[in-house]
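Please have the sequence and the coordinates open while I talk.

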Amino acid sequence: MMYQSTRDHRLAASSTRAVLDGIAPDGGLYILDDLSSLEFDWRSVLEEDTMEMSARILAALLPDFPEMSALVRRGYEGKFETDELTPLVGVGDRYVLELFRGPTSAFKDVALSLLPRLITAARDAEGMTDEIVILTATSGDTGKAALEGFHDVAGTRIIVFYPHGGVSAVQQAQMTTQQGNNVCVCAVRGNFDDAQTGVKNIFAACADRDLNGAQLSSANSINIGRLAPQIVYYFKAYADLLHSGRIKLGQPVHYVVPTGNFGDILAGYFAKLLGLPVGKLVCASNANNVLTDFIETGVYDKRRPFHKTTSPSMDILVSSNLERLLYLLSGCDNEYVANLMAQLRDNGCYQVSDALLQRLRADFACGCCDDAEAAEVIAQVWKESCYLMDPHTAVAWAVSQRFMESRSDDAPVVVLSTASPYKFPAAVLSALGETPDEDEFAVMDRLHEVTGVAVPKNLASLREMEVRHTDVIDREEMLEYVLRKVGEKQW
Ligand SMILES: *Cc1c(COP(=O)(O)O)cnc(C)c1O
């Protein structure tokens with residue numbers, strides 16, 4: 001069973017290769033053609049604990065990795081607030097799936113706790129001896145989650161670039177205090193796009209360069225090794241509803257997903273292809289509602305204003321992982337997908353066929369919500385249910401409300417919660433009617449005073465931690481910086 005590029009069938013790779021390379025050589029994404037034909041018994045998986053569930057699902061998708069159970073345990077053990085990793089909580093007439101109970105209080109921890117284990121195991125399986133150097137540009141959340149996942153993992157080093165002055169004070173403190181002897185964090189004068197473009201240019205510039213026993217790699221969400229671990233919590237939530245007697249085996253469950261790059265929600269679609277009775281996957285967007293328009297009309301058009309919102313991790317106009325869905329819905333037609341992606345690159349838009357749009361709408365629903373409505377939701381859910389949610393989760397909650405009013409069944413609705421409210425304390429506190437202080441740590445304290453909700457330990461302890469990373473460079477210096485760092489024996 002081989003992975004293939006969404007744009008060219010001839011570019012095939014083992015699952016270990018696909019994880020090591022991240023992206024296919026033609027810029028396409030690695031994918032399996034037919035998940036439903038995998039040897040995988042979805043019913044028996046529901047009886048396992050979360051770790052074993054994860055091991056079974058990952059072993060089915062990534063069959064070239066030996067000892068998946070051990071990898072999973074080493075990746076997660078002791079890092080999350082609970083061994084079930086992602087608790088399901090009843091809130092009002094629906095459920096919240098809490099994906100933020102990991103080491104950095106963001107849902108990206110679920111995948112990035114495991115990815116370093118997958119990458120080093122893939123390296124061993126492929127007989128590679130090079131050190132892996134992870135390069136990441138971050139707008140805030142990914143960088144910290146990646147640092148936390150890779151620090152002190154033997155055979156790897158990680159360099160994170162973030163926009164100077166472009167992340168929140170808490171996010172900056174999370175990254176600049178990172179411990180570990182294989183981590184490097186550097187601010188770049190410019191915005192996130194500058195940092196991201198800089199990283200892409202470094203990959204291109206280093207493609208044919210000998211890096212003295214080091215190989216560059218990426219922790220980006222297009223890596224199948226980041227997508228696969230996210231399938232697990234769809235199963236876990238279903239198992240919880242089953243075991244609590246809320247549903248019978250086989251009955252559908254709807255999932256509402258706050259969406260940016262389309263990785264999280266695509267993992268839900270993979271769960272469905274593996275057999276899980278997923279009802280609708282509801283794609284929730286903020287004011288950057290390019291996906292809402294796409295799912296409603298079949299036209300993807302990124303030529304529109306970019307909005308900076310209170311849910312910044314969803315401020316995205318090109319959702320990379322959508323390419324994988326287009327591939328599957330087109331019946332694995334790689335020429336069709338390559339053509340759409342070329343149109344997006346050249347014209348900024350494309351339109352899918354009516355047949356594809358129909359298939360899309362059979363499995364997906366959508367909706368969007370602006371900052372003002374998200375703030376109302378935070379206040380309302382707090383008042384009615386004493387449940388405090390972050391702005392990303394609030395976007396999904398608002399969309400789930402409209403979905404529930406329009407649907408015709410009474411299947412359970414699960415809202416995925418992607419961040420702790422304490423990661424976005426200013427937006428949450430003002431939603432509750434207070435004017436936040438300039439100092440973000442003071443805002444955290446105030447939010448705790450007002451709500452009594454516990455501050456996650458990793459965020460509460462930040463203030464006392466020593467700042468270890470102070471480099472600031474111009475974007476033109478990024479390549480030189482990486483080459484110099486890679487050349488240093490000791491960081
Ligand atoms: C990354 C992120 C998202 C979006 O997830 P995608 O997989 O990119 O769709 C939503 N919420 C938060 C808090 C995130 O960090």
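This is a predicted model: local features need pLDDT of at least 70, side-chain atom pairs count only at pLDDT 80 or more; totals for chains, interfaces and linings use all residues.

Let me begin with a question: does Thr 50 count as buried or exposed? Thr 50 counts as buried, because its relative accessibility is 7%, where buried means under 20% relative accessible area, exposed means over 50%, and partly exposed is what lies in between, with a 1.4 Å probe and protein chains only.

Residues are numbered from 1 along each chain as its sequence is written, and side-chain values use heavy atoms, with hydrogens and water left out.

Thr 50 lies in helix α3, and here helices (H or I, at least four residues) and strands (E, at least two) are DSSP runs numbered from the N terminus. If we leave aside neighbours within four places in sequence, Thr 50 is in contact with Asp 83, Glu 84, Leu 85, Val 232 and Lys 236, contact meaning heavy atoms within 4.5 Å.

Rolling a probe the size of a water molecule over the atoms shows where empty space is left. On a 1 Å grid over the protein atoms alone, a cavity is a set of points where a 1.4 Å probe fits but cannot get out, a pocket is an open set with protein on both sides within 12 Å along at least five of seven lines, and lining residues have an atom within 4 Å of a point. The search of the whole structure finds 3 cavities of 30 Å³ or more, and the largest cavity holds about 50 Å³ of space, a volume being the space filled by probe spheres set on the points, with grid points joined across faces, edges and corners. Thr 50, Tyr 76, Leu 85, Thr 86, Val 110, Pro 229, Val 232, Tyr 233 and Lys 236 line the largest cavity, and the largest share of that lining, 4 residues, comes from α10.

Tyr 76 takes us to helix α4, residues 68-76, where Met 68, Leu 71, Val 72, Gly 75 and Tyr 76 are buried. Why do they fall on the same side of α4? They do so because they cover an arc of only 110 degrees around the axis, the arc being that of the directions from the helix axis to the C-beta atoms. Among the elements that cover these buried residues are α3 (50-61), α5 (108-112), α6 (115-125) and α10 (224-243). After α4 comes Gly 78, with a positive phi near 80 degrees.

Now to the cores. A nonpolar core is a set of buried Ala, Val, Leu, Ile, Met, Phe, Trp, Tyr and Cys residues joined through side-chain atoms within 4.5 Å. The largest has 113 residues, and Leu 62, Phe 235 and Tyr 255 have the most contacts inside it; its largest share, 13 residues, comes from α10. A second, separate core of 39 residues includes Ala 365, Cys 369, Ala 398 and Leu 462.

The second largest pocket contains about 570 Å³ of space. Its lining has 31 residues, and Glu 81, Ser 105, Pro 456, Lys 457 and Asn 458 lie nearest its centre. Helices α7 (141-150) and α20 (457-460) each supply at least two residues of that lining.

In α7 we find Asp 141, which counts as buried because its relative accessibility is 6%. Asp 141 and Pro 312 are 171 residues apart in sequence, yet 9.6 Å apart in space, C-alpha to C-alpha.

I will finish with backbone angles. Most residues other than glycine have a negative phi, and most peptide bonds are trans. Asn 212, although not a glycine, has a positive phi of about 55 degrees, and Asn 212 sits in the loop between α9 (192-206) and β9 (214-218), where it counts as exposed because its relative accessibility is 71%. Cys 386 likewise has a positive phi of about 55 degrees without being a glycine; Cys 386 lies in the loop between α16 (371-385) and α17 (391-406), and it counts as exposed at 55% relative accessibility.
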